[in-house]
Amino acid sequence: MANERLRAALLASPFTEEALARHLGIDPKSVQRWITRDVTPRRATAHQAAQALNAPLAYLWPELAADPPTASEAEIVRLYPHRSATPRHLWRDLLSRASSHVWLFANASLFLPEDNPESIAMIVDKAAAGLSVRIMMGDPDTPEMALRGAEERLYEAIPGRIRMALAYYSPLIGVPGIEFRLHRTSLYNSIFRYDDEMLINQHIYGTYGYIAPILHLRRVDGGDFFDTYIRSFERVWESACPVQESAFHRQRQSRLSDDATRQPELESQ
């Protein structure tokens, strides 16, 4: 019997059978057998394939998720009642240990460089080491960020905080290996991924981010908790704008140009 779910997921993805096999580092005949003979891959390979196809593992291979609630619950490391209750060193330690992925998605995440000033340089080092580094922050010049300000009763302070955060993060713009984009979505959760661990700021309407809870996850075979947030990140990433194409960047470049023009005048006075 064929695995029609897998066939449909593959057709809906940018992958061919051969391309998926190359992505997974396996023989294309293995992918063919998964589809035509309903052969079940090894759990680790199945997880990678499900992530690549942006589909739940339990949907593609239900037999690999015989007890998904238990596996998903095992992914929960800890729930902190407030972001302010998370140990400051936890953010630094997760970044320091990361060896494959550093993905950050928030409106501002101003607290990261303020609490751990060395984090920006650490991210540059991670990119130089070949990690997948993705930074995604709110576009301060959009109605969505103004609406977020109104919802939290901070009004223009939200776009202002984003601009301040972007000033901290600006050394990452244009760095080889770092993809930096601005989004204009409703921020349901801020997602901070470090390899197979994740910190999620679970936002609450009308409540400041530092008061909202933090969920600490660690990926477990058979669980779907971690991958659900990965799919959310990827969905926003698809629609986000490279920071170099944003109004913020154009304004910043204009200011830098003006400063460079004025500097000789100041030195001659």
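The count of cavities of 30 Å³ or more comes to 1 in this predicted model, where a cavity is a set of points on a 1 Å grid over the protein atoms alone at which a 1.4 Å probe fits but cannot get out, and lining residues have an atom within 4 Å of a point. Residues are numbered from 1 along each chain as its sequence is written. Because the model is predicted, local features need pLDDT of at least 70 and side-chain atom pairs count only at pLDDT 80 or more, while totals for chains, interfaces and linings use all residues; side-chain values use heavy atoms, with hydrogens and water left out.

The largest cavity has a volume of about 90 Å³, a volume being the space filled by probe spheres set on the grid points, which are joined across faces, edges and corners. Among the residues of its lining are Trp91, Leu104, Ile120 and Tyr194.

A pocket, by contrast, is an open set with protein on both sides within 12 Å along at least five of seven lines, and two of these are set out below.

| Largest | about 570 Å³ | His23, Gln48, Gln51, Ala52, Glu234 |

For the second largest pocket, the largest share is 3 residues and comes from H11, the helix at 157-169.

Conventions. Helices (H or I, at least four residues) and strands (E, at least two) are DSSP runs, numbered from the N terminus.
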